[in-house]
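Q: I would like to learn how to read a protein model step by step. Could we begin with how helices pack together?

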2 protein chains.
Amino acid sequence: MYEPAQLRSFLAVAQTLSFTQAARRLGLRQSTVSQHVRRLEDATGRQLFTRDTHAVELTEDGEAMLGFARRILQVHEQATAFFTGTRVRGRLRFGASEDFVLTRLPEILEAFRYDHPEVDLELTVELSGTLHEQLAAGKLDLVLAKRRPEDPRGALVWRDDLVWIGAERLRLDADRPVPLIVYPPPGITRARALQALEREGRAWRIVCTSGSLNGLIAAARAGLGVMAHSRRLIPPGLFRLPDRSGLPGLGKVDFVLVHGRRHGAAEDAANALAAAVLAGGERLGRRGD
Amino acid sequence: MYEPAQLRSFLAVAQTLSFTQAARRLGLRQSTVSQHVRRLEDATGRQLFTRDTHAVELTEDGEAMLGFARRILQVHEQATAFFTGTRVRGRLRFGASEDFVLTRLPEILEAFRYDHPEVDLELTVELSGTLHEQLAAGKLDLVLAKRRPEDPRGALVWRDDLVWIGAERLRLDADRPVPLIVYPPPGITRARALQALEREGRAWRIVCTSGSLNGLIAAARAGLGVMAHSRRLIPPGLFRLPDRSGLPGLGKVDFVLVHGRRHGAAEDAANALAAAVLAGGERLGRRGD
DNA sequence: TGACTGTCATCATGTTTTGTGATATCCGGC
DNA sequence: GCCGGATATCACAAAACATGATGACAGTCA
């Protein structure tokens with residue numbers, strides 16, 4: 001018997017990889033979330049997360065549960081949409097960063113279109129920084145993007161380690177500037193990478209910039225250099241650089257969902273989509289294999 | 001927030017059209033089931049059943065909820081199967097009456113095969129009476145069929161009114177014997193129909209017998225006569241006879257799930273399939289339109 | 001018509017479950 | 001070795017739950 005509240009907590013933890021953050025997002029306390037997960041673990045008889053106080057990771061059973069939880073909560077979403085019957089309509093200008101678009105977002109959007117056929121959805125794919133700017137300028141209603149360091153707003157959807165990745169046989173020479181593959185400004189990952197290098201006084205040069213993730217990936221696959229990327233979103237054909245490569249740590253990235261200034265029709269639609277994203281969750285691509 | 005316990009109760013009521021029977025099947029009390037349904041109705045803000053103490057019927061919203069509930073509980077089933085990981089295997093001889101086979105059973109069986117690929121499922125489709133006999137003879141492990149009046153065993157899966165149906169333009173002459181379309185013995189519906197007519201001293205003659213439901217349907221569509229059938233299972237092209245046609249009432253039919261003598265491997269498989277049938281529920285065909 | 005039976009809704013109640021806050025425990029980094 | 005940030009545990013108060021008793025109501029049978 002899997003209580004939906006427990007599944008919600010579980011899903012949020014799986015997404016944020018943090019009991020504390022999950023609790024914050026759900027409006028619960030950390031101890032509650034902890035209990036929810038434990039209940040599920042008791043009910044299944046399996047451990048769902050490995051967690052040694054400083055790192056939370058899904059187990060294989062956890063991955064399976066993720067699928068079940070998502071399916072159940074998705075139906076809950078649909079049922080709610082159906083019964084509240086808020087005939088959501090209007091135009092919704094939604095901005096998403098490319099990292100997400102590549103993976104689970106299509107599914108979520110498809111389900112959303114099915115549940116709310118009367119919403120005209122306009123999707124903008126851009127750099128996270130650009131999306132935030134457009135949101136501020138009132139050109140978007142809802143944005144799913146990396147969190148800007150200085151901007152605490154938004155519901156945490158996904159937290160991940162930012163790591164260095166590159167082609168399999170890539171070797172770095174410690175004496176030479178680090179060859180970087182980055183988004184153009186105002187890329188948030190770009191800024192993080194440069195900051196990290198400069199803090200260590202490490203020299204760098206940019207070997208590729210592209211506004212398109214596929215452009216960056218192509219460059220990285222070709223072995224032109226390294227790029228900073230979410231650990232759980234590593235595209236096929238690229239690999240995390242070993243720690244001994246001597247590059248500085250990059251910390252974490254948060255993907256957040258931010259609402260624009262509310263205005264009438266778009267607000268309901270934005271709420272509905274936000275709920276779908278938060279509930280439907282994101283598988284977000286396979287592990288870097 | 002739809003609690004699974006409430007959904008289970010709701011589903012059981014939708015299947016049995018009875019709060020009392022649902023409670024019995026679930027091992028709960030009637031008042032509990034009543035509360036469960038009311039909670040759901042509160043949560044959705046819609047009435048899910050029309051019920052005037054002597055008739056329970058799904059509303060349109062109830063039909064919708066039925067879909068949601070089934071999907072959620074189905075995933076629960078799958079999750080349970082996955083985590084208990086009881087690697088169910090072995091041979092399972094399952095008998096089902098044709099009424100069901102035509103409708104939702106394929107879906108349930110498909111899901112079952114997916115969840116328990118190592119079970120060799122042998123399906124027997126026969127008259128309910130024959131299935132009961134074969135079960136008693138140890139030739140079947142699990143049977144889904146109409147309940148025999150004298151046999152109280154089995155979990156109630158589906159309760160329905162038995163009604164007279166026939167072709168659209170069928171007219172009956174009150175002076176002449178009722179033209180009957182029936183299964184051969186030991187058909188349970190057959191017995192019920194004959195009993196009802198004889199109790200009223202009404203003359204009848206058999207115009208068609210067939211061991212196959214499709215045979216009966218064909219005869220009925222051709223306007224050869226009337227047949228007794230579950231009200232909610234009326235096949236397309238056939239219609240319930242109006243009360244003023246003067247035929248006697250037929251009462252209710254119960255479809256039950258009965259286990260055979262338990263023996264080893266088949267027992268786990270039978271339990272799993274029984275759970276799937278009870279949880280996955282049956283849509284059981286559209287209304288007779 | 002009037003008692004009867006079977007059904008569902010309601011209510012008070014005792015019990016269980018839930019969410020919480022405080023606290024213990026653990027790990028990594030400084 | 002200590003501190004900061006993270007999860008687990010525990011006791012408790014509040015909420016939710018299942019229950020049995022009771023009431024209302026509709027058909028049934030006499």
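This is a predicted model: local features need pLDDT of at least 70, side-chain atom pairs count only at pLDDT 80 or more; totals for chains, interfaces and linings use all residues.

A: Two packed helices are described by the angle between their axes and the distance between the axes.

Q: Which residues of α2(A) and α3(A) meet?

A: From α2(A) come A:Phe19, A:Thr20, A:Ala22, A:Ala23 and A:Leu26, and these meet A:Gln30, A:Val33, A:Ser34 and A:Val37 of α3(A). Sorted by class, this contact holds six nonpolar and three polar residues, with no charged ones.

Q: How should I read a strand, and which way do the residues of β9(A) point?

A: In strand β9 (residues 227-230) of chain A, A:Met227 and A:His229 point one way while A:Ala228 and A:Ser230 point the other way, and all are buried. A strand is also read through its partner: β9(A) pairs with strand β6 (residues 155-166) of chain A in the antiparallel sense, over four bridges. Within β9(A), A:Ala228 has A:Trp164 standing opposite.

Q: Is B:Val163 buried or exposed?

A: Buried means under 20% relative accessible area, and because B:Val163 has a relative accessibility of 5%, it counts as buried. B:Val163 lies in strand β6 (residues 155-166) of chain B. Leaving aside residues up to four places away in sequence, B:Val163 touches B:Met227, B:Ala228, B:His229, B:Arg231, B:Ile234, B:Arg240 and B:Leu250. With B:Leu250 the separation is 87 residues in sequence and 6.2 Å in space, C-alpha to C-alpha.

Q: Where in chain A is confidence lowest, and where is it highest?

A: Confidence is given as pLDDT, and for chain A its mean is 84, with 94% of the residues reaching 70 or more. In chain A, confidence is lowest in helix α5 (residues 98-101), at a mean of 70, whereas α3(A) has the highest, at 93. Over residues 282-289 of chain A, pLDDT stays under 50, and for that stretch the model has 31 contacts beyond four places in sequence.

Conventions
Residues are numbered from 1 along each chain as its sequence is written. Chains are lettered from A and ligands numbered from 1 in the order in which they are written. Side-chain values use heavy atoms; hydrogens and water are left out. Buried means under 20% relative accessible area, exposed over 50%, partly exposed in between (1.4 Å probe, protein chains only). Helices (H or I, at least four residues) and strands (E, at least two) are DSSP runs, numbered from the N terminus. Two strands pair if DSSP finds at least two bridges between them. Contact means heavy atoms within 4.5 Å. Ala, Val, Leu, Ile, Met, Phe, Trp, Tyr, Cys and Pro count as nonpolar, Asp, Glu, Lys and Arg as charged, and the others, Gly among them, as polar. pLDDT is the predictor's confidence in each residue, from 0 to 100.
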